[in-house]
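Here are some exercises to work through with the model open beside you. Try each task before you read its solution.

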Number of protein chains: 2
Amino acid sequence: MGNTDYVYPSTNVECAHRVAIPPSQPLSKSLKSSLKETFFPDDPLRQFKNQAPSRKFILALQYFLPILEWAPRYTFEFFKADLISGITIASLAIPQGISYAKLANLPPILGLYSSFVPPLVYAMMGSSRDLAVGTVAVASLLIASMLGNEVNATENPKLYLHLAFTATFFAGVFQAALGFLRLGFIVDFLSHATIVGFMAGAATVVCLQQLKGILGLEHFTHGTDLVSVMRSVFSQTHMWRWESGVLGCCFLFFLLLTRYLSLRRPKFFWLSAMAPLTSVILGSLLVYLTHAEKHGVQVIMQLVLICHFIQIGHLKKGLNPPSLTDLAFGSQYLTLAIKTGIVTGVIALAEGIAVGRSFAMFKNYHIDGNKEMIAFGMMNIAGSCTSCYLTTGPFSRSAVNFNAGCKTAVSNIVMATAVMITLLFLTPLFHYTPLVVLSSIIISAMLGLIDYEAAIHLWKIDKFDFIVCLSAYAGVVFGSVEIGLVVAVALSLLRVLLFVARPRTFVLGNIPNSMIYRSVDQYPTANSVPGILILEINAPIYFANSSYLRERISRWIYEEEDKLKSSGETSLQYVVLDMGGVGSIDTSGISMLEEVKKNVDRRGLKLVLANPGSEVMKKLDKSKFIETIGQEWIYLTVGEAVGACNFLLHTYKPNPVAVEPEAHDNNV
Amino acid sequence: MGNTDYVYPSTNVECAHRVAIPPSQPLSKSLKSSLKETFFPDDPLRQFKNQAPSRKFILALQYFLPILEWAPRYTFEFFKADLISGITIASLAIPQGISYAKLANLPPILGLYSSFVPPLVYAMMGSSRDLAVGTVAVASLLIASMLGNEVNATENPKLYLHLAFTATFFAGVFQAALGFLRLGFIVDFLSHATIVGFMAGAATVVCLQQLKGILGLEHFTHGTDLVSVMRSVFSQTHMWRWESGVLGCCFLFFLLLTRYLSLRRPKFFWLSAMAPLTSVILGSLLVYLTHAEKHGVQVIMQLVLICHFIQIGHLKKGLNPPSLTDLAFGSQYLTLAIKTGIVTGVIALAEGIAVGRSFAMFKNYHIDGNKEMIAFGMMNIAGSCTSCYLTTGPFSRSAVNFNAGCKTAVSNIVMATAVMITLLFLTPLFHYTPLVVLSSIIISAMLGLIDYEAAIHLWKIDKFDFIVCLSAYAGVVFGSVEIGLVVAVALSLLRVLLFVARPRTFVLGNIPNSMIYRSVDQYPTANSVPGILILEINAPIYFANSSYLRERISRWIYEEEDKLKSSGETSLQYVVLDMGGVGSIDTSGISMLEEVKKNVDRRGLKLVLANPGSEVMKKLDKSKFIETIGQEWIYLTVGEAVGACNFLLHTYKPNPVAVEPEAHDNNV
């Protein structure tokens, strides 16, 4: 293009700066730094710097067992607070544990076992002070639906139980592996909107499942979607039991009332915390006194008897029996167990970490996601060997723990002790617990998870997030839990891809009395500069958008030319691309720029770049595009670029048809 | 925070501007504009504006049949050029057609049929002036490998043939549908790097398949990967035919020599264009005269006889027989045909459009991707009803067409006519064509597709693109064509996701003697401002990166505090976030900003935003974050933000531990 002997135009303009090409780094160094950013963004090794080896060992031990860090500072004041909150959550843990185990089609006692060993492990390894460990409804439901697809829990309870242990084991391995491999960011792909929709959907599905208990039905669909459940419920109206229904509605009313009261007056939090245990005791007493189990009210004992031939299936006295030998590694259903483990593991992790983070934010301390994952993983691996199934940090229980004033993870130890005492001495009491009470407890807990206010908030702020949330909800309610998750994650990713595939481009104008150039859409006072089209690209230029950007830039150019032609103003002479927002560029993007340059040249215009970042400058340099366009046509700011263009425009009145720089070579 | 009654600090600083909150638009309008940007970025309806209805009709007709546009301007000069180039490409089309049909395990005559009807359709509907239509090696190989997985072409040739037609039909329907639905951008997801690697891999695989023909083997593996082919070749060394090998090497040498000569001297392009036909004629004559077909040299006739019971399988005289009734819509293999059609359709489309665009760029005219897709789709639908299989615009043939000086798509019509004459009168000549010659023709064409220079270029400019390219190549060569594609596309998408999940953040410094702030990594002369940490975020803030950004920002802050503490400088007081590169934000991103604000407040620092774009301002406004941070802490440029902070820093020497604005309220 003969630009080489062209005088650098910006020398004539005040305060022009060169755009630096960053010094090239050896491949190994840039690789190391990008790996560090990807896997160690929180720099966990910082505290190990400049420490003696013995200190390093203690720090490493404290890293994996945070209890070693805070135990020396533990005081009696703390213990009093933890004792109260521990007993409070135990009173919630026992009925919830039984209910959720039922939801997972597992023997109810597993819910109690799962509130003993895992909290102890977490108390040693976890870094949250407020998380209360236990089973959760959504993961329980997922286990039932995923395992239940291939193995019937009623017909083959032993295999089903072993698969549940195996799935828990793999969930733990997967969680710990994510933590060790520093892949915790996978959980980030479950966006807030996805979780809101997914939780609400799962809560709806769980409530629907409780219709079985409330109505006292004996046969029920294995499907979890709305359509199958409704068909199942209304096809057997003659089987509905009014005794069960009335009892269920009464307890539900009682539970919701206490919840409402404690929401209105936070100091009555213990009301809603004690309500489930009170319901269980009241319900059991009622059944024991009236012999309602003979009049259509199902009780736990009957359920347990179905699988009495598995020794541990019975609510027998005793502590978590070892179950390492029950892990079904040789089974033909191993892949099913692994799949279930991974899916439920991710869900449980997402809930547990989100809950831990929320409360840490309230109390202003920090939670390390990867460390938490290792703690969750270890807790589930230990759990799977001691007759527990999948545990995490449920929101409801942790909220009660927080409200009861817990100080450290000792509240988990207190809860575990209370559960142990129950396991050792009080299990017979639960024989007469009516199922309908458990159903009421589940429903009242679930209703709190349907966060319609969050959904309204999403709608107001971000329509796309609302669509993601809604599709997660609809996917879970009308399809299955997995469908809901996959659809929501796919939509969220689609949004990211669409952002890159269809980046916004803006026309910039001059903010009056300044050298600042901003989008004329956002700043209506910004004035366009005659003869110069300034475009801002606000996304990385990748293969996915290079064709689009080529089209879009040429459309901006011809639209501008049409506009100028019809208004009879100065014809277009320069196209300035503001590259400040272009974070990265690949080879397709560079080809696109080369094509844009050719296109602009053909129209007799001049392409000018402003403010390319270091990543972009590196690539432009390597690909020799800087030589093609000419280093003198790359400016540090849009202001300087426009200044230089304006200087040329007004010094040499160019031929309006074509501004070939060669034409001016002799004049300069 | 008590900010409300705080005096707007920047009033004390020169030229401060307010950041505008863009006027809110009705949902329908913003939806319409984003749909337009997604599906109609090239604004195809622009020319229809302000036209009379009759003119609109003609324009619409011209839109779908571009021949109506250029035919009136067609001159005799053009025809002379098109005649020469048409005859040239016909001489290449005939042997290539036969070879590629063999590659697809289809009767050779289908290759000739496919060079008759589809070029005629494309000449009417296509918008490229240089594209020469025909079958391509990669798609042919894909058809053979995908259909061959389930139906054996030798044992069940009739079904196989019908499935090939059906797949072609669905490829056409899919291509046309993509065009009509304006989904052409799907092709963009095949990046340049993917295509380079994929093409080279496919070329390697095709060359490996030719070992059968060159060595005169009768049995050969059905696998396409390197390992199976090598095992198959070396397990039957005793079956190698030296006559065939020598003949093949001679012809290959001849073809490569002519290609080398025409690459060295572009005016000898006809040498390489005529070489394949010359080889076919020479080879056939040789076989006819020496009766080599009885001495181990396989000829086309023998192959054809295998499927002589299909009427059209024989190289009989005549033109494309109708095959509409052969489309196997009712077959149990329908899904196989649809799958094959979609995969091969996308590949063919990607190649055809890339080729069309490349030559259009040389001659400075424009190609509309969606229109081209409709043309390709129609051409394949028409082809599938007239005994053709999948066609597109092959690179080799189009390059010859371009070099021969074609002016319009009339060269395709000339080629079709020449092929028709061959079909009607000259087919018997091909009975004696030795297969080994066809193999040589394929190998020499394929070697040109292995673009190792492009791969080296990728390595130099962009390591990640090189990895994508290499994995596409390795996937095709060691796995299968589909594996290579899927791996390469997945890696490319992963890169986009990683860009968003791990965005770059930079510390900015002041460029001496200016109000400009730039990354200190890129501009080593930029000076940091005492007491103020300026961070630039250069990516949209989405769920996928909000956790990361929270961690990263807090790491920047404590690193800066550590640095200042050890050097004893002014302690940190302000954190300025440059949001200029943040193109979009979702609800997770807003939560992240709220957490960062809390974190910064807790450390006794002040959070300041600079230059949020319109999209971001809208969301911040709706979510009330502007109120949380205070409108007075949002500045138009980093320079103004720093100016205001500096003013406050130097006017009121603040308590170094905490700068709570409340402390100053009375002083102001």
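Two strands pair if DSSP finds at least two bridges between them. Helices (H or I, at least four residues) and strands (E, at least two) are DSSP runs, numbered from the N terminus. This is a predicted model, in which local features need pLDDT of at least 70 and side-chain atom pairs count only at pLDDT 80 or more, while totals for chains, interfaces and linings use all residues. Residues are numbered from 1 along each chain as its sequence is written, and chains are lettered from A and ligands numbered from 1 in the order in which they are written.

**Exercise 1. The sheet of chain B**

Find the strand order of the open sheet in chain B, and say which strands stand at the edges.

Step 1. Trace the 6 strands: their order is β2-β1-β3-β4-β5-β6 (chain B), and the pairing is mixed.
Step 2. Look at the ends. β2 (517-519) and β6 (634-635) of chain B each have a single partner strand, so one side of each has no neighbour in the sheet.
Step 3. Now take one pair: β3 (residues 532-537) and β4 (residues 574-578) of chain B run in the parallel sense, joined over 5 bridges. Within this pair, B:Ile534 has B:Val576 of β4(B) as its bridge partner.
Step 4. α26 (residues 638-651) of chain B lies across β1 (505-510), β2, β3, β4, β5 (606-610) and β6 of chain B, at about 170 degrees to β4(B). Axes here are lines fitted to C-alpha atoms, for helices over the stretch in contact, and angles run from 0 to 180 degrees between N-to-C directions.

**Exercise 2. The sheet of chain A**

Step 1. Chain A has an open sheet of 6 strands in the order β2-β1-β3-β4-β5-β6, with mixed pairing. Its edge strands are β2 (517-519) and β6 (634-635) of chain A, each pairing on one side only.

**Exercise 3. Two helix pairs within chains**

Describe how α22 packs on α23 in chain B, and how α9 packs on α20 in chain A.

Step 1. Two packed helices are described by the angle between their axes and the distance between the axes.
Step 2. In chain B, α22 (residues 543-567) and α23 (residues 587-602) pack at about 15 degrees, their axes 8 Å apart. That makes α22(B) roughly parallel to α23(B) (angles under 35 degrees count as roughly parallel, over 145 as roughly antiparallel, 65 to 115 as roughly perpendicular and the rest as oblique).
Step 3. In chain A, α9 (residues 192-215) and α20 (residues 463-479) pack at an angle of about 25 degrees, with axes 7 Å apart. α9(A) is thus roughly parallel to α20(A).

**Exercise 4. Where the chains meet**

How many residues does each chain give to the contact, and at what angle do α21(A) and α21(B) cross?

Step 1. Chain B gives 68 residues and chain A gives 69 (two residues are in contact if their C-beta atoms, placed from the backbone, lie within 7 Å).
Step 2. On the side of chain B, elements giving two or more residues include α9 (192-215), α21 (481-501) and α24 (614-622) of chain B. By class, this side has 28 nonpolar, 22 polar and 18 charged residues (Ala, Val, Leu, Ile, Met, Phe, Trp, Tyr, Cys and Pro count as nonpolar, Asp, Glu, Lys and Arg as charged, and the others, Gly among them, as polar).
Step 3. The axes of α21 (residues 481-501) of chain A and α21(B) come within 10 Å and cross at roughly 90 degrees. The two helices are therefore roughly perpendicular to each other.
Step 4. A:Leu493, A:Val496, A:Leu497 and A:Val500 meet B:Leu493, B:Val496, B:Leu497 and B:Val500.
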